[in-house]
Amino acid sequence: RQLYEDILRPAGFLRWKGGAFVRRSPEDWLEVIELQKERHGTRTFTVNCMAVLLFLPGAEPDMTFGERLGVLAVGRDVWWDFAADAAEGSFRNVGEALRRFGLPWFERLRGDGARKALLREGNRPWAKAWLAALDARGSDPAAEGESVRENCQRLRLPKSLWKETER
């Protein structure tokens, strides 16, 4: 709760579902910070930072356009402990890492140039479609607006993000 109140909310993120928080960039990208629990009963979690094009039909946030907070902060995946005796320190560390590395990662991606450069890296099968959508951005505002509205509805995003479709 403190992580949300002190860091995510002031940065414009809203609670979404489970341990996920979202905000909408001025370029109609959905920016997601997700606290992912370890599945095998351990009391650990990692933090995923992801982005997805809201104006691309069928947009779905996943780690194909994202990075783990630990990789951004220290160059390797990090799983924090949320057992009762360690949770406070873990969330304090996560908050500091979000301030210093996670939020700036999203800011560095603002603007088509930076995002296109990242999309051209690696071998992502969907990158061509995303690059084409970025290149065509603005050519059909009505269709883009409809895709944004449909994605907001399908993803069950907070209503305040829907209202921005009238920009």
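Predicted model: local features only at pLDDT ≥ 70, side-chain atom pairs only at ≥ 80, totals over all residues.
Colleague: OK, how many helices and strands does the chain have?

Modeller: Helices (H or I, at least four residues) and strands (E, at least two) are DSSP runs, numbered from the N terminus. Here that gives seven helices and six strands. Reading from the N terminus, the order is α-β-β-β-β-β-α-β-α-α-α-α-α.

Colleague: And why do you call the chain as compact as a globular protein of that length?

Modeller: The radius of gyration is taken over C-alpha atoms, and the globule rule is 2.2 Å times the number of residues to the power 0.38. For this chain the radius is 16 Å, close to the 15 Å the rule gives for 167 residues, so it is as compact as a globular protein of that length. Along the principal axes, the C-alpha atoms fill a box of roughly 55 × 35 × 30 Å.

Colleague: What share of the residues is buried?

Modeller: Buried means under 20% relative accessible area, exposed over 50%, and partly exposed in between (1.4 Å probe, protein chains only). By that cut-off, 44% of the 167 residues count as buried.

Colleague: Now the strands. How do β2 and β3 pair?

Modeller: Two strands pair if DSSP finds at least two bridges between them. Strand β2 (residues 20-24) and strand β3 (residues 29-37) are antiparallel, with five bridges, and Arg23 stands opposite Glu31 in β3. Next, β3 pairs with strand β4 (residues 44-53), again in the antiparallel sense, over nine bridges. In that pairing Leu30 stands opposite Val52, and Gln36 has Thr46 as its bridge partner.

Colleague: Which other strands does β4 pair with?

Modeller: One is strand β5 (residues 66-68), antiparallel over three bridges, where Asn48 is partnered with Arg68. Another is strand β6 (residues 80-81), joined to β4 by two bridges and running antiparallel; there Thr44 has Asp81 as its partner.

Colleague: Are the faces of β4 covered or open?

Modeller: The general idea is that side chains in a regular strand alternate between the two faces of the sheet. In β4, both faces are covered: Thr44, Thr46, Asn48, Met50 and Val52 on one side, and Phe45, Val47, Cys49, Ala51 and Leu53 on the other, are all buried. That is ten of its ten residues.

Colleague: What about phi angles? Where should I look?

Modeller: Most residues other than glycine have a negative phi. Asp28 is not a glycine, yet its phi is positive, about 65°. Asp28 lies in the loop between β2 and β3, a hairpin with four residues between the strands, and at 10% relative accessibility Asp28 counts as buried. Arg156 also has a positive phi, near 55°. Arg156 lies in the loop between α6 and α7 (159-162) and is exposed, with a relative accessible area of 71%.

Colleague: And in the hairpin of β3 and β4, which residue takes a positive phi?

Modeller: Gly41 does, near 85°, in a hairpin that has six residues between the strands.

Colleague: Last one: how do I read contacts, say for Leu72?

Modeller: Contact means heavy atoms within 4.5 Å. Leu72 lies in helix α2 (residues 69-74). Not counting residues up to four places away in sequence, Leu72 touches Cys49, Glu67, Phe101, Gly102 and Trp105. Leu72 and Leu98 are 26 residues apart in sequence, with 9.3 Å between their C-alpha atoms. For another case, take Cys152 in helix α6 (residues 141-154), which is buried at 1% relative accessible area. Leaving aside neighbours within four places, Cys152 is in contact with Leu157, Leu161 and Trp162.

Colleague: What part of the contacts comes from residues 24 or more positions apart?

Modeller: Such residues account for 57% of the contacts in the chain with a separation of 6 or more.

Conventions:
Residues numbered from 1 in each chain as written. Heavy atoms only, no water.
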